[in-house]
Amino acid sequence: MRTIIEPFKIKTVEPVRLTTPAEREANLREAGYNVFLLRAEDVLIDLLTDSGTSAMSAEQWAAVMRGDESYAGSRSWYRFEAAVGDIFGFRHVLPTHQGRAAERILFSILCAPGDVVPNNTHFDTTRANVEAAGATAVDFVIAEGRIPSARHPFKGNMDVARLRALVAEVGRERIPLCMLTVTNNSGGGQPVSMANVREVSAVCREHGIPLYIDACRFAENAYFIKLREEGYADRTPIDIARELFSYADGCTMSAKKDGMANIGGFLATNDDELARRQRNLLILTEGFPTYGGLAGRDLEAIAVGLHEALDEDYLLYRITSTTYLGEHVSRAGVPIVQPPGGHAVYLDASAIFPQIPALELPGQALVVELYREAGIRAVEIGTVMFGRRDPATGDESPAAMELVRLAIPRRVYTQSHIDYVVEGILNVWDRREAVRGYAFVEQAAVLRHFTARFAPM
Ligand code: F0G
């Protein structure tokens, strides 16, 4: 059979509601044209994020009922620790309420003012946590990773020459750790090859720099390695994941992605002394080290979800479904980041709206149009999210790319939902010449995209 299907059937349904164009117009105005400020019930297809939005399996819900809510040393903790150990293999694991809590603990212990942290591309919370510790975050994704139309099987790879140059320039003492984000979310959900992980790891080991993996979408990255990298076609995703983590010293993880859970995360490391300090900080703000701010039932859902995310039938459907969306809009001429990523399709807003300059926020304009047209919620990954505003002069500098991300929640939407999204995008594409830009009306000093308000130009 050639048809690739959802490898599950539906046990529980949740209604979604169609709104009228007039309702959507009023909702946009009320939200200051920021879709983060919409009510979710006013959204038909919610592609804002794949984080915490997964549908849990019957096995996960059964595990939730087994949750042991003991404060210390609960059965659920031991199941969680065993599942993480089985896949990731690091000596210590600290549960956290989500990925950014792991980041905060890691960077606040390792980084000092003046330090530099290289990554392929820092996700926004990762960058913000590095900067909150006084360090500078630098992005060393390969050149192809910065060109939306460039096709490369591993566009998330790090430019190892730039990493070496950084070590030569600032010295090992100012680089407390190196990160690699798999898949590279902010660079289009693009995978990192095993060869690149190995090479980055070798440079880090040569200089004694710890390598940490931002592991949010590790299962999708493992499957891309299986599909695209020589020598991995016959290996299982779990086996590939284990090899990948064997080159690192630790990881941060948001279980809201490839943990298939609605909340949770962890920090893992092989460094005994670091783990001891991390645990003390964990107790201060997250909770006792056997729950870390999570309920026992959350630990159970993650313990089951991590292995489900590595199931090959699931990964085949997952990657095929995302690719289907990308290829269908791309074939009609819509410029996207090529090839489609694992968890998301990224539309190139600056190429869709050449009439809108970066500082007039073409990505924001596209996000607004997708909601206006079809009740679809997407997220801007461009100047709103990554542009810089000089606090003294108020001058804006644009981001490197103006992208709009359509992130697909795991196991939530069916093929007909995806077809609906394709149609919505193509309708906006057909009337692209009439679309105008946006201006900020209100913005916060950090992570401004969450709360900013806009006005049409
Ligand atoms: N790292 C990456 C690569 C991420 O994509 C995210 C979250 C985090 C870290 C932080 O994890 O949300 O659990 O604190 N990404 C979500 C997204 C929010 O929509 O891409 P968190």
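Tyr 71 sits in the loop between helix H2 (58-65) and helix H3 (75-88); helices (H or I, at least four residues) and strands (E, at least two) are DSSP runs numbered from the N terminus. The model is predicted, so local features need pLDDT of at least 70 and side-chain atom pairs count only at pLDDT 80 or more, while totals for chains, interfaces and linings use all residues. Residues are numbered from 1 along each chain as its sequence is written, and side-chain values use heavy atoms, with hydrogens and water left out.

**Surface patch**

- Tyr 71 is exposed, at 55% relative accessible area; buried means under 20%, exposed over 50%, and partly exposed in between (1.4 Å probe, protein chains only).
- Together with Ile 283 and Phe 288, Tyr 71 makes a nonpolar surface patch of about 310 Å².
- Patches are made of residues with over 30% relative accessible area and no salt bridge, with like charges joined within 9 Å and nonpolar side chains (Val, Leu, Ile, Met, Phe, Trp, Tyr) within 5 Å.

**Ligand surroundings**

- Of the 18 residues around the ligand, Thr 49, Arg 100, Asp 214, Ser 254 and Lys 257 come nearest; a residue is near if one of its heavy atoms lies within 4 Å.
- A polar side-chain atom of Thr 49 is 2.6 Å from a ligand oxygen atom, and one of Arg 100 is 2.7 Å from a ligand oxygen atom.
- In the side chain of Arg 217, an N or O atom lies 2.9 Å from an oxygen atom of the ligand.
- The ligand taken alone exposes 470 Å², and the protein buries 94% of that; accessible areas come from the Shrake-Rupley method with a 1.4 Å probe, and for residues only the protein chains shown count as cover.
- Helix H4 (99-110) and helix H5 (124-132) each supply at least two residues of the shell, and H4 gives the most, with three.

**Backbone features**

- Most residues other than glycine have a negative phi, and most peptide bonds are trans.
- The bond from Val 182 to Thr 183 is cis, with omega near -20°; Thr 183 lies in the loop between strand E5 (178-181) and helix H7 (194-207).
- Gln 338 and Pro 339 are also joined by a cis peptide bond, with omega about -20°.
- Tyr 33, not a glycine, has a positive phi of about 60° and is buried at 9% relative accessibility.
- Leu 361, not a glycine, has a positive phi of about 60° and is buried at 1% relative accessible area.

**Salt bridges**

- The count is 28 salt bridges, each a side-chain nitrogen of Lys or Arg within 4 Å of a carboxyl oxygen of Asp or Glu.
- Asp 272 and Arg 91 meet in a salt bridge (3.1 Å, N to O). Asp 272 is in helix H10 (residues 272-285) and Arg 91 in the loop between H3 and strand E2 (92-96), so the pair ties together parts 181 residues apart in sequence.
- Arg 127 and Glu 131 form a salt bridge (3.4 Å, N to O), and they are separated by about one helical turn because they are four residues apart in helix H5.
- Glu 312 pairs with Lys 226 in a salt bridge (3.6 Å, N to O). This pair links helix H12 to helix H8 (residues 218-228), 86 residues apart.

Definitions and conventions: Polar contact = N/O pair within 3.5 Å; in protein donor to acceptor, adjacent residues only side chain to side chain.
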